[in-house]
Amino acid sequence: DHARSFNVARSAAQAFARERGGRQSRLWADVANVPPLEEAGRQRGHPITPRDVAAICDQLPPDLAAMVWTLVTTGMGPAEYWSRLGGWWRDEGTHVHIAGTKREGRDRNVPRLRPPSPPVAWEGRFRRLLSEASGGAVQPYDLRRSYAHWMELARIPRTRRRLYMGHGRKDVTDLYEFHEVQRFLEEDAATLRAWLARELAGDDARVIPLPRPAESA
């Protein structure tokens, strides 16, 4: 009856089985073979534009808007941002360090575009308010997808995009020397900031209309 709740529970059970027995265990295989339920009304894999994000944030309190910008400018998934399933993150000043939840490659450093804001609302409330502000079109994980799309549009090299998303097989320090890593993080942060500023300021940029939530009587 509640597809979203079922899928969240399935993911948690799969992570638990993986940590306890590994991907070769019978328990993990049994859980992984249970198909997720279709969530009605959700468009998966739909990135949104910076101006769409700004329009959504205009309908949210400033502290919740800061949470939206943190997620969409770091690529953190919900479990990482809300420190679930072993995930966590830390503002290092020059970059943001993210400890992932799935594999070694998810432990990563990402460019620091703006000071990241810690969660001031529990995940369920944030998810509900974000959905209301976007007319049901956006969920937290869509912000991570948008971060990946923005990096591509800003022409961040593919190898580094994969590392920032936690898709690489190795940590970035396995591919580059430390001084190179710091330079790449600073360069990519500057590139993304400049691209984001142009997108937000562009008069000819198309903005997808976002319906405002109906006001209560």
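Which residues in α4 meet which residues in α6? Hi everyone, let's start there, keeping in mind that this is a predicted model.

On the α4 side we have Leu64, Met67, Val68 and Leu71. Their partners in α6 are Arg125, Phe126, Leu129 and Leu130. Sorted by class, that contact holds seven nonpolar residues, one charged residue and no polar ones.

Now for the geometry. Two packed helices are described by the angle between their axes and the distance between those axes. Here α4 covers residues 62-72 and α6 covers residues 123-133. They pack at an angle of about 90 degrees, and their axes are 11 Å apart. Angles of 65 to 115 degrees count as roughly perpendicular, so that is the label for α4 against α6.

Next, please find Trp82. This residue sits in the loop between α5, residues 78-81, and β1, residues 88-91. Is Trp82 buried or exposed? With a relative accessible area of 14%, Trp82 is buried, because the cut-off for buried is under 20%. If we set aside neighbours within four places in sequence, the contacts of Trp82 include Met67 and Leu71, both of which we met in α4. Phe126 is also in contact with Trp82, and we saw Phe126 on the α6 side. As for Trp122, 40 residues separate it from Trp82 in sequence, while their C-alpha atoms are 7.9 Å apart in space.

Let's move to Ser117, in the loop between β3, residues 108-111, and α6. Ser117 has a relative accessible area of 19% and is buried. Which residues does Ser117 touch, not counting those up to four places away in sequence? They are Ala66, Met67, Thr70, Tyr81 and Trp89.

For contrast, take Ala54, in helix α3, residues 50-57. Ala54 has 24% relative accessibility and counts as partly exposed. Leaving out residues up to four places away, Ala54 touches Trp69 and Leu200. Ala54 and Ala65 are 11 residues apart along the chain, with 8.6 Å between their C-alpha atoms.

One last stop: helix α8, residues 158-165. Its buried residues are Arg160, Arg161, Leu163, Tyr164 and Met165.

Note on methods
Residues are numbered from 1 along each chain as its sequence is written. This is a predicted model: local features need pLDDT of at least 70, side-chain atom pairs count only at pLDDT 80 or more; totals for chains, interfaces and linings use all residues. Side-chain values use heavy atoms; hydrogens and water are left out. Axes are lines fitted to C-alpha atoms, for helices over the stretch in contact, and angles run from 0 to 180 degrees between N-to-C directions. Helices (H or I, at least four residues) and strands (E, at least two) are DSSP runs, numbered from the N terminus. Angles under 35 degrees count as roughly parallel, over 145 as roughly antiparallel, 65 to 115 as roughly perpendicular and the rest as oblique. Contact means heavy atoms within 4.5 Å. Ala, Val, Leu, Ile, Met, Phe, Trp, Tyr, Cys and Pro count as nonpolar, Asp, Glu, Lys and Arg as charged, and the others, Gly among them, as polar. Buried means under 20% relative accessible area, exposed over 50%, partly exposed in between (1.4 Å probe, protein chains only).
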